[in-house]
Amino acid sequence: METINIILSGLGGQGILFMTRVLAQAALDKGFNVMGAETHGMAQRGGSVVSHLRLGEVKNSLVRTGTAHFLLSLEENEGYRNLPFLSQGARMYVNTNSRHFPREEAKELMDKRKIIYRSIHAGTIAQESGAPRSSNLALLGYFSAFDEGPIGYKDIKTTIDTISPKKFKDINLKIFEAGYRRGKNF
Amino acid sequence: MVKQEILLGNGAIALGLLEAGCQVVTSYPGTPSSEILPEVVRLMKSANLDTYVEWSTNEKVALDNAFAASITGKRAACCMKQVGLNVAADSLMSAAYLGTVGGLVIISCDDPGPHSSQTEQDTRFMARLAKVPVLDPSDPQEAREMVGLAMDISEEFKIPVILRPAIRVSHARQNISFGPIKKNDQKASFEKNPQRWAATPRFRLVLHGELNKKLKEIGKKFEDLSKYNFHNLESGKKYLLGIIAGGIPYSVVRDFLSEEHRTDIPVLKIATPYPFPESLAAEFMSACERVLVIEETDTFIEYLLRDREKVMGRLSGHVPSEGELVPHVIHKLINHVLEELNLEPFQADDDHEVVQLVKDLQLPVRRPTLCPGCPERAAFFAIRKTRPKAIFTSDIGCYTLGLNLGAVDTVLDMGAAITMASGFYHSFAQDAVEQPIVATIGDSTFFHSGTTGLLNAVYNGARFILVILDNLTTAMTGMQPTPELGIRADGSEGKAIPLERIVAGCGVDFIEVVDPYNIKKTISLLKKAIKYVKDPNGGMAVIIARHPCVIAYPDKAIPEKKKVTITDDCTECNICLERFECPALYHDTELGRVNINREICVDCGVCIQVCPKGAIVEI
C-alpha cells in the first residue's frame, strides 16, 4: 500500500504535538504503521512548528517536499510556508479568520497543482466554546468532516476520548464536534 | 502480554535501557535528549521496577555517577545532548581507560540543523577521541535494540559504549511492540583495586594498551555484526555507483531507493562508525566504481575510506557541509551525482515554482519568542530599561530569547553569563573604564555551571549585576525539576536547596529576591544593585528574579487573571511591541493601534506597566 504523508503546521504553543498524537494513535488503531517527526526545544517557543506523520512501511520520519497528501495548518502563513511539501492534488485545511483565503498570489499556483484547500475559523470556534487555545481540536473536527483521509471522524473522536487528560476531555470533544459540524455544513 | 505504543525515539531508547536490565540512569536535560529519562520513569513505574534515576546537576556529574554504578557491577546509562558530552568529556576520556564492570552506555543525542543547540558537532568524533565504540541507529526501533547491544558490548569488553541517536531518531515517533520487562537483580559490590580505579600515569600507560586491545577485538566483532552493518551487493557484480550511509541518512536513502525501485545502486549501511568495519567497507568499495558517502553530521566515515579517488561526499563538494540532511536535500544531491555519472536520475522535483511562490509571499519570519506571560520577559524589560548601556551577558535556556528584547548580547556555553561578565569586567577595569554589565542566567543553568564562575568572580573581585531568572523549572527542555524544588526525577521528595544559600556560599553579600512581574520593584532593586556594584565597599550584586514558569505552573504563575484592553490613548509608539515583545500584542493596521490576540493572551496583565501612555488598561 502506498505511504500516506501528512504535514501539520502552525506556531509553537498552538497544540500541534497533541494534534499529531491524536492522528498517529488513530492511525495505529486502524492498523497503520506509524512514523512521525516532531519539533521540540527552542523552536516550540512561538516559532514555526511542523510535525510530519507518515503512515505505511517507511523507515524515515520526514516527509520529502512534493510528496505530502494532507496539510493541516493552525495558522494561514504557516500553511503557505509548507506548500512545498504538498504533492499534486493534495488537500489542505487551514485555520484562518481571513475572508480572503487563499491569498490571490497563491491561489493560481495552488489551483494549477490541483490542491484542494479549505479554511475554517477554528480559533473563533474554540473561543466560543470557552477554550480559546484549543483551535487544534476544531481543525481536527473540520478535517474529519470531509472524510478524505485514511482516518475518519469516528476514529479521531474515539482517540480524543481515550488520550485526552480527564480535565480536558469534555471540552476537547465539544470543540472537536463543533469543528466537525462546521465542516459538514459546507 | 505484548502491547503496542507509539513511542518517541527517546521512549524507544528508554524501553531499550530497561529491557537491557539497566539499573541506574542519570541525565541532564538537553534537546534532543530530554525525554529519555522521563520515559524511563514512566516505563519503570508501569513495570514495577526499582531503577535508580536522577536528574544530575550537569552531564559530568551524571557520567561520574553512572560510571560508579557500573564499577559496582550494575548496568548503568547516562543521557545527554551532544554539547553535554563536552561537559562530561573529562569523565569520558578517563572512564575509557579505566574501563567498566557492569555495562555502561552513554547516550549522546546529536542535533544536525542545529534545531536547539549551539553547535552541529558530531558525537562520533568524541567517541573516536575518547577511544570508545559508538553505535549510530537509523530509527527508533533500531535505537531500542542497539541500547541492548551497547550494554552487552560494554560488559563483554569492559568499556563504555556511546549510542549516538540524531534528533530525527530521538524525536521521531514509531509504533513499537513490547512485552513485560524483567527486573535485573544484580547487586552492587566494589572490589578495591587502586592500581586500576585510582591509576597513576604509570598504570595509565598499561590501561591505554588494554584499551587499544579491546578496540581491536570490538573492531573484529563489528565486521560481522551483519544485523546492523550490511550491504546488498550481488556477489561478483560490479556497480557504477554505491552509497555508504549511516544513521538517519541511511533511512532516507533506503526509502528513496525502494520508492524508485532502484536495484542498480547498492547501499552499505554503517551502524558502528567506530571501530570502523574496514574490511566490510573495502569489500563494498571494490565492487563500486564510485562511492557516495551520506552521513550526519560531519565527515567521519568519509575520512576512514581508503580508496580516496572513488569517494564522493563533503570533501568533494557533493554533500552540504552544514545543516540537516533532510530528505529533499539528500534527494537533490543524489540526483546531481546520478547526472554527473550519466546514470538514470530519480524523478525530478518540480518544486521551483512553489518554492519561488513562498519566497514571493514574503511570509513573516517567525523567530522563537518568550511565551505570553513569561516572567523572564518582565525581568528583561526592567533590566533593559534600567541599564540600557550595559553589556548583557546571558546563557542557555528559554531566556536566550531575551535577545529579541535587546537584553542579551552574548551566549557562549552553559554558565558563561557569569564567566564572560567577569571577563568583560576585568578587561574594561584594566583600562580604568567603568563598564556596566548585567548577566542573566536561568535557575537550572546556574545549578549546572553557575557556581564555579560566581565563586571565581567574587574571589577575583569582579563587579557586575547577576540576575538569576528563577522560574522554578528547567523550562526550555520540558519542565524538569531543579535542585531548588526538592522534587526528584521519579517524583519523590528530595532535599530542596535554595538558590540564596548557594549564592551566599559563593561569597556574595548583596542578594535580593524580587518578583519580576512587579516591574517597578525590579527596577528599584536594580538601581540599588548598581549603587552597590559601584561602591568602593561594595562588590558583586545578585538579584534572584523569582516567578513560576507560565507553562509549568499556569495557575501559580497567574493567580489573579487581569484581562486587559488597549484604549485610544495608544499612539503607536511601539514600545510594547519592541521592548516587551509579547506575542499576544500586535499592530492592528485596521484599528491603527496595538491590539491583543485573545487566542494566546494569558491575562497576566504585566503589559499594563509597560505602556508609557497608560493605554493598556485592565477591563
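A:Ile4 is partly exposed because 17 other C-beta atoms lie within 10 Å. On this scale a residue is buried if 20 or more other C-beta atoms lie within 10 Å of its own, exposed if 12 or fewer, and partly exposed in between, with C-beta atoms placed from the backbone. A:Ile4 sits in strand S1 (residues 4-11) of chain A. Strands, by the way, are DSSP runs of E with at least two residues, while helices are runs of H or I with at least four, and both are numbered from the N terminus.

Which residues is A:Ile4 in contact with, leaving aside neighbours within four places in sequence? They are A:Leu55, A:Gly56, A:His69 and A:Pro150, where a contact has C-beta atoms, placed from the backbone, within 7 Å. As for A:Val50, 46 residues apart from A:Ile4 along the chain, 17 Å separates the two C-alpha atoms.

## A word on the model

This is a predicted model, in which local features need pLDDT of at least 70 and side-chain atom pairs count only at pLDDT 80 or more, while totals for chains, interfaces and linings use all residues. Residues are numbered from 1 along each chain as its sequence is written, and chains are lettered from A and ligands numbered from 1 in the order in which they are written.

## Where the chains meet

Chain B puts 48 residues into the contact, and chain A puts in 42. On the side of chain B that touches chain A, the elements giving two or more residues include strand S1 (3-8), strand S8 (172-178) and helix H11 (247-259) of chain B. H15(B) gives the most to that side, with 6 residues. By type, the side of chain B that touches chain A has 22 nonpolar, 13 polar and 13 charged residues; here Ala, Val, Leu, Ile, Met, Phe, Trp, Tyr, Cys and Pro count as nonpolar, Asp, Glu, Lys and Arg as charged, and the others, Gly among them, as polar.

There's strand pairing between the chains too: strand S2 (residues 34-37) of chain A and S8(B) run antiparallel, with 3 bridges. Pairing here takes at least two bridges found by DSSP. In this pair, A:Ala37 has B:Ala172 as its bridge partner in S8(B).

## Domains and a hairpin in chain B

Chain B is split into domain 1 (3-223), domain 2 (230-356), domain 3 (375-557) and domain 4 (564-618), with bounds from an automatic or database domain assignment. Taken over C-alpha atoms, the centres of domain 2 and domain 3 of chain B are 48 Å apart.

Further along, strand S20 (residues 585-588) of chain B runs antiparallel to strand S21 (residues 593-596) of chain B, joined by 4 bridges. B:Leu585 is bridged to B:Ile596 in S21(B). The hairpin leaves 4 residues between the strands, and B:Gly592 takes a positive phi near 70°.

Now for some cis peptide bonds. One joins A:Phe101 and A:Pro102, with omega about -10°, and A:Pro102 is in the loop between strand S5 (86-95) and helix H3 (104-112) of chain A. Another runs from B:Thr31 to B:Pro32, with omega near 10°; B:Pro32 is in the loop between strand S2 (24-27) and helix H2 (36-46) of chain B.

B:Asn342 is not a glycine, yet its phi is positive, at about 55°. You'll find B:Asn342 in the loop between H14 and H15 of chain B. Is B:Asn342 buried or exposed? B:Asn342 is exposed, because 8 other C-beta atoms lie within 10 Å.

Definitions and conventions:
Two residues are in contact if their C-beta atoms, placed from the backbone, lie within 7 Å.
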